[in-house]
Amino acid sequence: MITKPKGTYDLLGVDAKISTYISHEIEDMMANYNYELIRTPIFEATELFHRSVGENTDIVTKETYDFKDRGDRSITLRPEGTAGVVRSLIENKLYGNRNDTIKLYYNGTMYRYERPQSGRNREFTQFGIEAFNSSDPMIDAEVISIGYYLLNNLGIEATVHINSLGDAESRKKYTEALVAYLRPHIKELCSDCQKRIDTNPLRILDCKVDKDNEILKNTPKISNYLSDESKDRFKKLKSYLDILEVNYEINDKIVRGLDYYDENVWEYIADSDQVTLGGGGRYNHLVENLGGPSIPAVGFAMGIERLILNIKENIDLSNLEQMVDVYIMSVNEEEKMHALEIAQYLRLNNISCEINSNNLSLKSQFKVADNLKAKFLLILNTDDLNKGLINVKDNATKEEMKVDEAEIVDWIIGNI
Ligand code: HAM
């Protein structure tokens with residue numbers, strides 16, 4: 001038997017239903033907030049990720065799927081969505097002569113060669129949004145609130161952990177202070193952190209291995225190194241989040257794992273188990289660094305698999321179990337023809353229904369209808385049909401009644 005590659009999964013059953021439910025919620029929200037869909041390639045030139053996500057990040061050094069294609073080009077399966085969106089913005093000159101905010105969203109598969117565990121796969125799905133052309137912290141707040149209210153609408157309780165990484169100058173000063181503080185203690189930290197002190201010192205702050213180490217509890221605070229302008233941006237962000245009634249807390253350990261961030265950054269952390277469901281921030285220099293004009297940007301992404309896990313563990317799924325509104329039961333050829341016709345009318349009127357397409361016995365059809373959690377059964381029989389009637393059973397109350405065949409669609413619409 002050929003099995004799926006390590007770190008991948010087949011989306012099936014209840015997970016597939018939750019995934020569809022999440023996608024619908026995303027589509028509704030994106031329309032309300034005026035975001036447009038963008039779909040970029042699953043593979044891009046390797047260089048794109050080196051220049052955006054960062055040469056020294058865990059993602060680029062350890063986790064990308066890189067290969068040479070048959071034309072000897074260096075290709076990488078996208079580990080995240082932002083780089084491709086920025087590449088597309090530049091290549092298609094989406095910014096044109098616009099002075100409004102350009103709002104884009106995506107929902108697609110990403111690839112990272114990580115150690116698979118619950119909520120961490122090698123192929124996974126991210127929903128993400130990117131807003132370009134505004135440096136106003138009000139858009140940061142709007143972007144943060146979209147993720148927060150998406151979780152809220154899905155029934156997931158979460159807190160947004162926010163931080164400011166400041167501008168390049170503040171970050172440089174802070175990084176120097178952090179390295180000076182950590183260097184004497186570096187042997188007491190994990191082997192990854194011993195490398196990070198020279199390559200990516202900020203990442204030591206959110207090290208999962210050393211998170212309870214006293215040394216990391218007493219590091220200098222980035223808030224003491226921010227410029228007045230960065231402080232003001234962060235302050236404004238907080239007051240906008242208050243207006244939007246987003247549940248947030250300040251967490252100076254949020255540094256994010258990708259190099260392109262500056263200023264305000266955040267993560268969505270589930271209240272139930274403290275899992276990080278998503279994260280994002282400002283990246284005011286990425287468009288320019290990738291060869292475009294100087295355009296500020298802000299965005300976030302969420303892992304759909306982590307949302308599915310949270311929903312499965314914490315939320316009553318009974319409303320997702322219902323597959324169809326109506327099941328139409330038929331046995332002989334004449335009943336089947338009526339069933340087909342009624343089904344067609346119901347479906348064209350947005351009533352979901354199923355028919356017996358396997359020549360099942362009546363007993364088996366009752367079972368199937370129960371499995372599908374049908375609200376109404378239409379139990380066709382030749383005698384009733386000859387009189388122009390349909391036998392309808394309410395599957396919850398088990399009450400049965402006869403309805404005119406000519407009125408069945410209206411009757412169902414009125415009683416569903
Ligand atoms: P990220 O924090 O690397 O940010 O990923 C965002 C989310 O994707 C994570 O919080 C997690 O839910 C999910 N995720 C990441 N890796 C995996 C994995 N191996 N398995 C399952 N889920 C995973 C970014 O990717 C940025 N591009 C976000 C962004 C958009 N920043 C600005 N705009």
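Me: If helices (H or I, at least four residues) and strands (E, at least two) are DSSP runs, numbered from the N terminus, how many helices and strands does the protein have?
Reply: The structure is a predicted model, in which local features need pLDDT of at least 70 and side-chain atom pairs count only at pLDDT 80 or more, whereas totals for chains, interfaces and linings use all residues. Residues are numbered from 1 along each chain as its sequence is written, and side-chain values use heavy atoms, with hydrogens and water left out. On these terms, the protein has 16 helices and 16 strands.

Me: Which side chain of opposite charge is nearest to Arg233?
Reply: Arg233, which lies in helix H9 (residues 228–243), is buried yet has no salt bridge, a term that requires a side-chain nitrogen of Lys or Arg within 4 Å of a carboxyl oxygen of Asp or Glu. Lys and Arg count as positive and Asp and Glu as negative, while His and the chain ends are not counted. The nearest side chain of opposite charge to Arg233 is 4.0 Å away and belongs to Glu229.

Me: Which residue's backbone oxygen does the side chain of Arg233 reach?
Reply: With contact taken as heavy atoms within 4.5 Å, and not counting residues up to four places away in sequence, Arg233 touches Ser135, Pro137, Glu263, Asn264 and Arg282. The side chain of Arg233 reaches, at 2.8 Å, the backbone oxygen of Ser135.

Me: How much of the accessible area that the ligand has on its own does the protein cover?
Reply: A nitrogen atom of the ligand is 2.8 Å from an N or O atom in the side chain of Glu130, and a polar side-chain atom of Tyr261 lies 2.6 Å from a nitrogen atom of the ligand. An oxygen atom of the ligand is 2.9 Å from a polar backbone atom of Leu277. By the Shrake-Rupley method with a 1.4 Å probe, the part of the ligand's 660 Å² that the protein covers is 96%.

Methods
Buried means under 20% relative accessible area, exposed over 50%, partly exposed in between (1.4 Å probe, protein chains only). A polar contact is a pair of N or O atoms within 3.5 Å; within protein, one must be able to donate a hydrogen and the other to accept it, and residues adjacent in sequence count only if both atoms are side-chain atoms.
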